[in-house]
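Welcome! Take a moment to turn the model around on your screen, and then we will walk through it together.

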Amino acid sequence: MIKEIKVKTALSPSKLPGLDYALNPYRGCEHACVYCYAPSVIHWDKGRWGELVEVKVNLPRILSKELRLKKKGVVGLGTVTDPYQPVEKKYEITRRCLELLLMHDFPVCIQTKSPLVLRDVDLLKKFTNIEVGVTLTTLDESVREKLEPGAPSVNDRLRALSELSKNGINTWVFLGPVMPYITDTDTIIEVIAEMKPRYVLVDRLKLKEGIWDRVREFIHKSYPQLLSEYEAIFVGGDDYYRGVFEKILKKCKERGLRCDVNILQG
Ligand code: SF4
C-alpha cells in the first residue's frame, strides 16, 4: 500500500561513518528484506515491514529550503529506506532531491539495491562528489528471493553496478549483512572484482530490536538445518564473524579490492 505524507524536515544529522546528513524520501520499503533494521531505527508501528510505504511528497520543497541554510556536508541518500524502490518510478522524489543537491553542490552517497538508479545517470554524472553503493548479500537468486523478497534480482544489481562504472560514476559494494553459512562471500568478491568498485563495505547481521525474532523465524522456515548454528552465534555469542571477516579481507586483497569491515557489534 502507498500513502502520501507531508514532512516538516528533510535532512537529519547522521552518525553513520562518512555521512553528515541522512535523507530518506520514503518511510517504509517495498524490498522487505528479512534482516532490515530500519523498522527499529524509525520506530515503525504500521504493520509488517514492506507492506506500506509512505511517500514524503513535500520533501523536495523542504529540502530546497534547508539546503540554503545548512552547512555543506555529505548526504546519505537512503539510510533507512531504498531510494530507488519501485514507488520511486512514479513519484520521482529521489530524482527531485538529487536535482536540488546538485544545484547546491552537496556531496552525496547513495545506497540501493535497484537498477532504477540508472534512470538518473544523467544527473549523477554532473555531481562533483557522488558515489553509489549497491548491496549484495548473495549471488544465488533462490536465496535472494527468500531473503529480500521485494528487491531486484542479483543480475539487475550487477548490471546496475557495471553500468554505473561504465558511466564513470564512483561505485562501492555493500556486502552485507553477511548471513552466516548463507552469504557466498568468496563468489561475490570474485564477481564484483571485475566491476572495479572503489571499495567494499562488509557488515555483520545487526541484531537491533526485533530482528533476531524475524531472522530466527526465517531460518526456522527456510534453513532449519542452520538454526542451531544461528542460535550459537546470535544467542550464545559464538565469534563466527572474526574468521569470516579475515577470509573476506584476504580475498579482497588478492583481488585488489579495498575492503572496510565493520567490526562493531550492533
Ligand atoms: S532495501 Fe534496505 S531499507 Fe529496504 S527493506 Fe531492504 S534493507 Fe531495509
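## Around the ligand

Which residues surround the ligand? They are Cys29, His31, Ala32, Cys33, Tyr35, Cys36, Trp49, Thr81, Asp82 and Lys113, where a residue is near a molecule if one of its heavy atoms lies within 4 Å of it. This shell has 6 nonpolar, 2 polar and 2 charged residues. For these classes, Ala, Val, Leu, Ile, Met, Phe, Trp, Tyr, Cys and Pro count as nonpolar, Asp, Glu, Lys and Arg as charged, and the others, Gly among them, as polar.

Before going further, please note that this is a predicted model, in which local features need pLDDT of at least 70, side-chain atom pairs count only at pLDDT 80 or more, and totals for chains, interfaces and linings use all residues. Residues are numbered from 1 along each chain as its sequence is written, and side-chain values use heavy atoms, with hydrogens and water left out.

## The largest pocket

Where does the ligand sit? Its place is in the largest pocket, which has a volume of about 1100 Å³. A pocket is found on a 1 Å grid over the protein atoms alone: it is an open set of points where a 1.4 Å probe fits, with protein on both sides within 12 Å along at least five of seven lines, and its lining residues have an atom within 4 Å of a point. A molecule sits in a pocket if more than half of its atoms lie within 2 Å of the grid points. Grid points are joined across faces, edges and corners, and the volume is the space filled by probe spheres set on them.

In the largest pocket, 45 residues form the lining, and Leu16, Tyr37, Thr79, Gln111 and Phe174 lie nearest the centre. Among the elements that give two or more residues to this lining are strand 7 (108-112), strand 8 (130-136) and strand 9 (170-178). Helices (H or I, at least four residues) and strands (E, at least two) are DSSP runs, numbered from the N terminus. By class, the lining divides into 23 nonpolar, 13 polar and 9 charged residues.

## The second largest pocket

The second largest pocket has a volume of about 580 Å³. Its lining has 21 residues, of which Cys33, Val34, Arg48, Trp49 and Arg214 lie nearest the centre. Helix 1 (38-41) and helix 9 (211-222) are the elements that give two or more residues here, and helix 9 gives the most, with 5. The classes in this lining are 8 nonpolar, 6 polar and 7 charged.

## A look at valine 154

Is valine 154 buried or exposed? Valine 154 counts as buried because its relative accessibility is 4%; buried means under 20% relative accessible area, exposed over 50%, and partly exposed in between (1.4 Å probe, protein chains only). Valine 154 lies in helix 7 (residues 154-166). Leaving out residues up to four places away in sequence, valine 154 touches Thr138, Leu139, Asp140, Glu141 and Arg144, with contact meaning heavy atoms within 4.5 Å.

Most residues other than glycine have a negative phi, and most peptide bonds are trans. Alanine 32, in the loop between strand 4 (26-27) and helix 1, has a positive phi of about 50 degrees. Tyrosine 181 also has a positive phi, of about 65 degrees, and is partly exposed, with a relative accessible area of 46%. Finally, glycine 176 and proline 177 are joined by a cis peptide bond, with omega about -5 degrees, and proline 177 is found in strand 9.
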